[in-house]
Amino acid sequence: MKTVQVNIVTPDGPVYDSEVAMVIAKTVSGEIGVLPGHIPLVAPLSIGGVQLKNADGKSNFVAVSGGFIEVRPDKISILAPSAEVASSIDVARAQEAKARAEERLKAKKDDVDFQRAELALKRAINRINVHEGNV
């Protein structure tokens, strides 16, 4: 089975670097699946999980908080503000962040930045879902 090199990089450094058979990611315009030899493409990513299917059929999951995917026939690069491999996600911390964001949204105070709270809630839910394998 053919594979393609995948790199997921954040401002803090590389998060994932391996050969995979397929990448499934959520872009702003919808979900895409990329196989080796795909035509060149650049697309903005949504907050969501990236599924990385290995040649043996097993999958790895990475939570990303937006960014971009660059596809070339021999390499796929994902540049994200933050990204975490499912196995390294601190679920307790993500649940606390979710609870804080929900409280801010329920408070309906003038000093609360609702857009920022909504994004924090989406990121926390994404991290929890990716850890559980629900991408």
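How many bridges join strand β3 (residues 22-27) to strand β6 (residues 47-53), and in which sense do the two run? In this predicted model, 3 bridges hold the pair together, and the strands run antiparallel. One place to look is M22, which stands opposite K53 in β6.

On to the other neighbour of β3. Here the partner is β4, and the antiparallel pairing extends over 5 bridges. A25 stands opposite I32 in β4. The two strands make up a hairpin, with 2 residues between them.

These pairings belong to an open sheet of 5 strands, which reads β4-β3-β6-β7-β10 with antiparallel pairing. The edges are taken by β4 (30-34) and β10 (83-85); each has a single partner strand, so one side of each goes without a neighbour in the sheet. Leaving direction aside, neighbouring strands of this sheet are turned by 20° against each other on average. At the β10 end, β7 and β10 run antiparallel and are joined by 3 bridges. V62 has V85 in β10 as its bridge partner.

Strand β7 spans residues 59-65, and S65 is found in it. Is S65 buried or exposed? S65 counts as buried because its relative accessible area of 16% falls under the 20% cut-off. Its side chain makes a polar contact with the side chain of S82, at 2.6 Å. Setting aside residues up to four places away in sequence, S65 touches I47, P81, S82 and R123.

Where the two meet, 9 residues of domain 1 are in contact with 6 residues of domain 2.

As for the records, an unreviewed UniProt entry carries the annotation "domain: ATP synthase F1 complex delta/epsilon subunit N-terminal", covering residues 5-83. Over residues 5-83 the chain is 68% strand and 0% helix.

Methods. Residues numbered from 1 in each chain as written. Predicted model: local features only at pLDDT ≥ 70, side-chain atom pairs only at ≥ 80, totals over all residues. Heavy atoms only, no water. Helix = DSSP H or I, 4+ residues; strand = E, 2+ residues; numbered from the N terminus. Buried < 20%, exposed > 50% of the residue type's maximum accessible area, 1.4 Å probe, protein only. Polar contact = N/O pair within 3.5 Å; in protein donor to acceptor, adjacent residues only side chain to side chain. Contact = heavy atoms within 4.5 Å. UniProt positions renumbered as here; feature names shortened; annotations may be inferred. Pairing = 2+ DSSP bridges. Axes fitted to C-alpha atoms, helices over the stretch in contact; angles between N-to-C directions.
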